[in-house]
Amino acid sequence: MNGTGAGSASCRFAHYFVVCGVDTETGLEPDDGAGEGFEQSPIRRSFKSKVLVHYPENTDRNPFNKDAVNMLCMPRGLSFRTQADRLDPHFHSFTIAFDDGTRSYGFVHTFYEEVTSPQIITAMQTLYQMHHVDMDSLASSLDESDAESLAGVPGCLGCSGSFDPARDTLYVSKALCLVTPLPFLQASRQFLAQLHQAVTSQTAPPLPLESYIHNILYEVPLPPPGRSLRFHGVQGPIVCQRPGPGELPLGEYLLGEAFSLLGVDNMVKLLTCALLETQVLLYSQDYQRLMTVAEGITTLLFPFQWQHIYLPIVSTPLHHLLDAPVPFLMGIQRRDGAQRSSLHLPHEANLCFVDIDNHCVEAPEDLPLFPDQTELIQELSEVLLHFGLEPQGGVITKPTTSSSSSSPRLSSLVLEDLMEDRRNGNLGGEELAVLERLQALARRCGGEKMSDGGKTLGHAFEEEEEELKAAKLNIQLREVFAVRFAAMFGRYEEFVIHSALDLDSWLSNREGTFSFDKGSFLSVQPATHLHFFSRFLETSMFSSFVDGKVISRWADREPLQLLFDSRLERERLYDTGEEDPRSCPYRKCTTLFESAHNIERRLLKADHTAIHPHLLDMRIGQGRHHPGYFPKLQADVLVCRSPLFDTKGTFLKMSEPKRSMVNDHSGADNELRQKHTYARKLLRQSKLLDPSPQAVSQTHREFVDGLLSECRLKTKRMLMERMGKESVELGQGEANITGLQENTLIHGLCDLLERTWGHGLQMKQGKSALWSHLLHYQAAQQKTEAPAESPGQNTTRVFIQTMSEGLSEVGQARAWIHLALEKKMLSQHLKELLTNQELLRQLYKPHAFLLCEEEREQFLFHLLSLNTVDYLCFTRVFTSICIPYRVVIIPMKKLSIAMATVNPWVCVSGELGDSGVRQIPKNTQEIFFQCQNLGRLSTLQLGQENSGLLAKCLIDCVMVYNEITGHTYKFPCGRWLGKGVGDGSLERVLIGQLVSPGAEEDAGRWTGTPPELASPSQSVRMVLGSLGIQEDMREAANNLVKHFHKPEQERGNLTVLLCGEGGLVLSLEKFLLHGFKSNRLFQRNVFVWDFVEKAVVSMETADQMGDLHGSTLTRGPPCDSLCHYVNAINASPRNIGKEGKFQLFVCLGIRDRLLSQWLPLLADCPLTARTYEDGALLRDRAAVHSLSRILHTLNEFSITLETALVKGVDL
């Protein structure tokens, strides 16, 4: 019997028919995992159900999982009732996922059947009497007030849960289940409902029930793609349909109901959470609502597929899965009177909690908006309003417990005689016309004739129309989302990287290769969409989607990807390709009515009809009808092979077309895909439904291995992105990481740490498991009077607690991780946190990750590797907090006593602002102050107010310390500050550099304040030759061009490129100093600004005397602007010295696009010939022309200067 039906399973409508209920032979077994209290009356308790029968015994592709099917058919076990209770039947469905990613669907019709077994009745009576005695003795042992409160417990002391066999009739739940390969929700529901109606009807059905069950199992095939099929239930015909090759896959779960329950805004929010692979937990009293929302969301993900734990119905024995430290989409039932707060959820940092019954979605913090969310919500609302539904949601839909909801469709009963003809209902043209006229007549006068089901035909037609309306709404809502994803990822193929020669080499290097150019993809997206896209590109579902595209080079594309790509190709036929994706307007779906018409055509007119149920070879006396009781089925006729399938399992009446929408691949293709599937999936879905201790232990073992693997991959990815800039130039990696991508990776690390710390937690401590652990650790240290943490950890935690941003627990934990990562202390802090073994054993269950010593050490080791790169994640993310800074002025050692004669001040500037002027206290060299986070520091203004002859000092550098992050910035100076020495400057703008620990002596080599240039006679030995100077000039300009060609998020500090070492100012200064004459006796330093000032004076003088001397210098706008700018800089109240003035001159000239015009003027000035030697670059017309062209290329960029550079100059 084992192989029965195996060959035909792949093309059959249904795989299994199952009956679950009470096993009278084993009797009543309490369901210990139900979590019910002792005070619960026995008739209100749950008892273990059993699979009573299932047919066929097994199939090859879809082996029968008895325990899983039983648990999902009756998630709360057996339910008992008496005649005083409601005995309405109810319907729900479930899905079982397999290790290869495929699913099968179960549809369950549960009803109450009178208990006839004397053993069961006696057992229930005994249990009730024992319970009554226990409650009486408990009440007598309590005081009066407690006894009164106990009396209020439902079902106690003989109130509503009493049972007396002499007075009461006992009923028990029984479930009829149909397991199908595709989600034929409506057809399966109707078949089971008709089956149950035949059981409860006083008149026997036309044929024994075995005939109908045998028919649905062995004689009804899957409808071909793009076609509909009519088959017969007990009381009437049933139609099912399948989408065609170019249509969206089959999805019959009612999206309209999901949108009505939650509302459009909440559904979009929930879909965003699913797309970003947060943990999604659905909560409802109704199992079918859990399935409706879960299936609705996964259906809307097209073309992507959910890759993680998918259990829309989690029964009590499986509640340990709520500990799962991985993304999941699960649903749990709300018990009567249960509150949200009573749920034991170990961690909620990345949890999306969906309370379906209360129409509420609690999303995680920092959830980005879905791209074009406002327009999408508007479009969805219009579709819903067109079908008469309110977009706001909160509508209580028709409950699945009502008998009316599961009634069969009876519209064609009036023509039953036509259907029973010898041609299986395939009517000719004339007969079809008669059929249509009769149906139209029935619509008009159906209210007068009652059907066997007790309904008018008019009512039956209304139900048929409602079903059609729901199907059309389904497909239109799905089309809206499909068009949205096509717009978002229409050109995704351009960014897929094909680097491997064959599948084996690709699989072996999977972790070290990039299959998608994320940086380039993000660079062409609208700025408002980047937050969503940067996180979505990191998800498993997107990775799997791209992997499928890569693998399609060696194997057939997966059906969903093939469908999506074909839709994109169709879109491109009408797309000019000229629109910039960043400014492309929102485009609505234009295929709504076409897609709805296809469904309508198939449902209104069946393309094929399956063979009718017929009499089987049954023994006399079997199949007898007993109203109200589901019969004991005759096994031998339900397990034998039907002659309607040949040895290959092909339906004889109708050849089975290619099933493009079913995931089956043949031969080598299938082998390749299986290899890839198992390479990327660590968790075995089939084991999740096994509640045995061994399976639970194995599942959590897999969770531990998965966390360790995820940590290894995440840290490796962060290191590759951070250090990969060199490999990009060699074409081996993605575009440089942007600040946005870095934030996304760190967000993923925070999520991983929260899930790791939440795994195996004994009891909920707060929304953030990590932050709770930190606080427990602090409290434990204080109790034992041990040193409370290392100074670094204590400082970090206390500062986070006192941050003035009003952060939640999750926000505080994330801030702590960001800060520890920036300080390169994350691994060390976490290691210290885990040293308290006693605390760990108190907080965690034995299977928790943090109690697995070897894996824990490896986890910390992977985190330690992040110390090799620098992060500014805390500084750049938490921008509004107050940071303490310490500034230290370091004079030249031999002249340090001179500091006593000056009265210095500083103003520190960074990416986010400046500190304002801060006066250094007298007789000190440092100052400590607090101000709002300045971001990464860039410049520092150093000045002094005293102008006396003795008030001068030679400054070596200024050091700035961020007391929270531990970062040190060095601002090299190497110049005098004071009148009458150097260039006479009382104020300098210094360029800073972040100093790596232990590298202070190297700081400033590349990007700090440039060194003071020596006099021309020394420059013969020290300054590069003319070719080197021109090369430096080109390099400085090229660096500026590259800066502006990068995406805005990637650009570095412009001030460093202008004023730092190797910057434009220093390069131009070298150019102008080349060949400069000096007759000074003691070789004191000369300054380019002296020449510029004299040149301007010369020009102004020549202009005044031009008529007398016939000067060749033409006065025009460039000359006017040069004179105006130089005079304005000299008139500035700031004492910035000659070097500072030249720096300001260059910066303003490049900002206002004038520098390229000024250089030829300076070269043509008569003063130049007297001031420069013959071989000087400024007197070489070719060199000047070349430099002018280089500077002219910078005119296309909009340059914004830091306030510190242009303060006091109004130009």
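**Close-up 1. Strand β16 is buried on both of its faces in this predicted model.** On one side of the strand lie Pro904, Val906, Val908 and Gly910, on the other lie Trp905, Cys907 and Ser909, and every one of these residues is buried. Because seven of the seven residues of β16, which spans residues 904-910, are buried, the strand is largely enclosed by the rest of the structure.

**Close-up 2. Strand β16 is joined by bridges to β20, to β18 and to β17.** With β20 (residues 937-944) the strand runs antiparallel, and seven bridges join the two; within this pairing, Gly910 has Leu937 of β20 as its bridge partner. Strand β18 (residues 918-919) is also antiparallel to β16 and is joined to it by two bridges, with Trp905 standing opposite Gln919. Two bridges likewise join β16 to the antiparallel strand β17 (residues 913-914), where Ser909 stands opposite Asp914.

**Close-up 3. Strand β6 is another strand with both faces covered.** Here one side carries Leu170, Val172, Lys174, Leu176, Leu178 and Thr180, while the other carries Tyr171, Ser173, Ala175, Cys177 and Val179, and all of them are buried. Since 11 of the 11 residues of β6 (residues 170-180) are buried, the strand is largely enclosed by the rest of the structure.

**Close-up 4. Strand β6 pairs with β1, with β3 and with β5.** The pairing with β5 (residues 103-114) is antiparallel and extends over 10 bridges, and in it His109 has Leu176 of β6 as its bridge partner. Strand β1 (residues 16-21) pairs with β6 in the antiparallel sense over five bridges, and Tyr16 stands opposite Val179 of β6. Strand β3 (residues 80-82) is antiparallel to β6 as well, with three bridges between them, and the bridge partner of Thr82 in β6 is Leu170.

**Close-up 5. Three strands form an open sheet in the order β8-β7-β14.** The pairing within this sheet is mixed. Strands β8 (237-241) and β14 (608-609) stand at the edges, each with a single partner strand, and therefore one side of each is left without a neighbour in the sheet. Strand β7 (residues 228-232) pairs with β8 in the antiparallel sense over five bridges, and Leu229 stands opposite Cys240 in β8.

**Close-up 6. Helix α32 has its buried residues on one face.** This helix, made of 20 residues (1026-1045), reaches 29 Å from its first C-alpha to its last, which is close to the 28 Å expected at 1.5 Å a residue. The buried residues of α32 are Ile1029, Gln1030, Met1033, Ala1036, Ala1037, Leu1040, Val1041, His1043 and Phe1044. Seen down the axis of α32, the buried residues fall within an arc of 165°, so they line one face of the helix. On the other side of α32, by contrast, Leu1027 and His1045 are exposed.

**Close-up 7. Helix α4 is mostly covered.** Of the 16 residues in this helix, 14 are buried. From its first C-alpha to its last, α4 (residues 185-200) reaches 23 Å, close to the 22 Å expected at 1.5 Å a residue.

**Close-up 8. The largest cavity holds about 300 Å³ of space.** The lining of this cavity is made by 21 residues, and those nearest its centre are Arg988, Val989, Glu1139, Gly1140 and Gln1143. Two or more lining residues come from each of the elements β23 (987-991), α34 (1064-1073) and α37 (1137-1151), and the largest share, six residues, belongs to α37. The lining of the largest cavity divides into 12 nonpolar, three polar and six charged residues.

**Close-up 9. The second largest cavity has a volume of about 80 Å³.** The residues that line this second cavity are Pro303, Phe304, Gln305, Gln307, Met541, Ser544, Phe545, Glu558, Leu560 and Gln561. Helices α16 (540-551) and α17 (559-572) are the elements that give two or more residues to this lining, and the largest share, three residues, comes from α16. By kind, the lining of the second largest cavity divides into five nonpolar, four polar and one charged.

Technical notes. Residues are numbered from 1 along each chain as its sequence is written. This is a predicted model: local features need pLDDT of at least 70, side-chain atom pairs count only at pLDDT 80 or more; totals for chains, interfaces and linings use all residues. Side-chain values use heavy atoms; hydrogens and water are left out. Helices (H or I, at least four residues) and strands (E, at least two) are DSSP runs, numbered from the N terminus. The expected span of a helix is 1.5 Å times one less than its number of residues. Buried means under 20% relative accessible area, exposed over 50%, partly exposed in between (1.4 Å probe, protein chains only). Two strands pair if DSSP finds at least two bridges between them. On a 1 Å grid over the protein atoms alone, a cavity is a set of points where a 1.4 Å probe fits but cannot get out, and a pocket is an open set with protein on both sides within 12 Å along at least five of seven lines; lining residues have an atom within 4 Å of a point. Grid points are joined across faces, edges and corners, and a volume is the space filled by probe spheres set on the points. Ala, Val, Leu, Ile, Met, Phe, Trp, Tyr, Cys and Pro count as nonpolar, Asp, Glu, Lys and Arg as charged, and the others, Gly among them, as polar. The arc is that of the directions from the helix axis to the C-beta atoms.
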